[in-house]
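User: I am new to this structure and would like to learn how to read it. Could you take me through some of its features, giving the general idea before each case?

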Amino acid sequence: MGLRFRKVLSLGGLLRLNISKTGIGVGVGPRGFSLSIGSKGIRKSVGIPGSGLSYQDTTSWKKLNEVADASAEQVGSATGDENHVSENPAPTINPWKIAFVLLVVAISVWYFISSNQKLTHQPEALPAIAQAPNHPLTPPEIREVQTLLNQKGYRAGPADGVGGPKTRLAAKAYLKSKGLQQATDLDLHFLNQLRAQ
């Protein structure tokens, strides 16, 4: 088994660009149904996502050329001109190949232009929002913490403005019950959390 290469670039929505060592192709369709036009021909696939069951039908460019040639011969024989027989018929140009090449070129140009615009027009970084200054609580603020903790059912002791062991245990119990960071001291951020709840 030789070296394999395949890269799929999403072009937004249901459109994608397939690049492999055999050539470039274009695919369209949701998961479970896709239509791909590539260097080998047109491939249609239908499947049940997640089941591993799928059906795939590939029509090669050679087969499409034979169909185009056959229809050109039918048109020529329908004219009834039996005297005009050409020994070297003009080569027919397959419209499928022309459409495929134009589609791949258009999608490639669009993809590279849009990716360059994303690189050049990145949004400016938003200015950082400064947090409110934090400081250790003053005795009146500690009284407010004790009162709020007692009202919420945490035993912080009397509202005396002293951050003793009971107040600190009640603060840790409150933080644990709310799922917040427990390694906090009695500071302005903790008081603001209590006020907000």
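Analyst: Let us begin with burial: a residue is called buried under 20% relative accessible area, exposed over 50%, and partly exposed in between, with a 1.4 Å probe and protein chains only. Glu144, at 27% relative accessibility, therefore counts as partly exposed. This is a predicted model, in which local features need pLDDT of at least 70 and side-chain atom pairs count only at pLDDT 80 or more, while totals for chains, interfaces and linings use all residues. Residues are numbered from 1 along each chain as its sequence is written, and side-chain values use heavy atoms, with hydrogens and water left out.

User: How many salt bridges does a search of the whole structure find?

Analyst: A salt bridge is a side-chain nitrogen of Lys or Arg within 4 Å of a carboxyl oxygen of Asp or Glu, and the search finds two. In one of them, the side chains of Glu144 and Arg195 meet at 2.8 Å, N to O. Glu144 lies in helix α3 and Arg195 in helix α5, so this pair ties together parts that are 51 residues apart in sequence; helices here are DSSP runs of H or I with at least four residues, strands are runs of E with at least two, and both are numbered from the N terminus. Arg195 is partly exposed, with a relative accessible area of 42%.

User: Which side chains meet in a salt bridge at 3.6 Å, N to O?

Analyst: Those of Lys44 and Asp57 do. Lys44 belongs to strand β5 (residues 41–48) and Asp57 to strand β6 (residues 53–60), so the bridge ties together parts that are 13 residues apart in sequence. Lys44 counts as partly exposed at 35% relative accessibility, and Asp57 counts as partly exposed at 31%.

User: Which residues of α3 are buried, and what do they pack against?

Analyst: In α3, the buried residues are Glu141, Ile142, Val145, Gln146, Leu148 and Leu149. They cover an arc of only 165° around the axis, which puts them on the same side of α3; the arc is that of the directions from the helix axis to the C-beta atoms. The buried residues of α3 pack against α4 (165–178) and α5 (188–196), where contact means heavy atoms within 4.5 Å.

User: What follows α3?

Analyst: Gly153 follows α3, and the phi of Gly153 is positive, near 95°.
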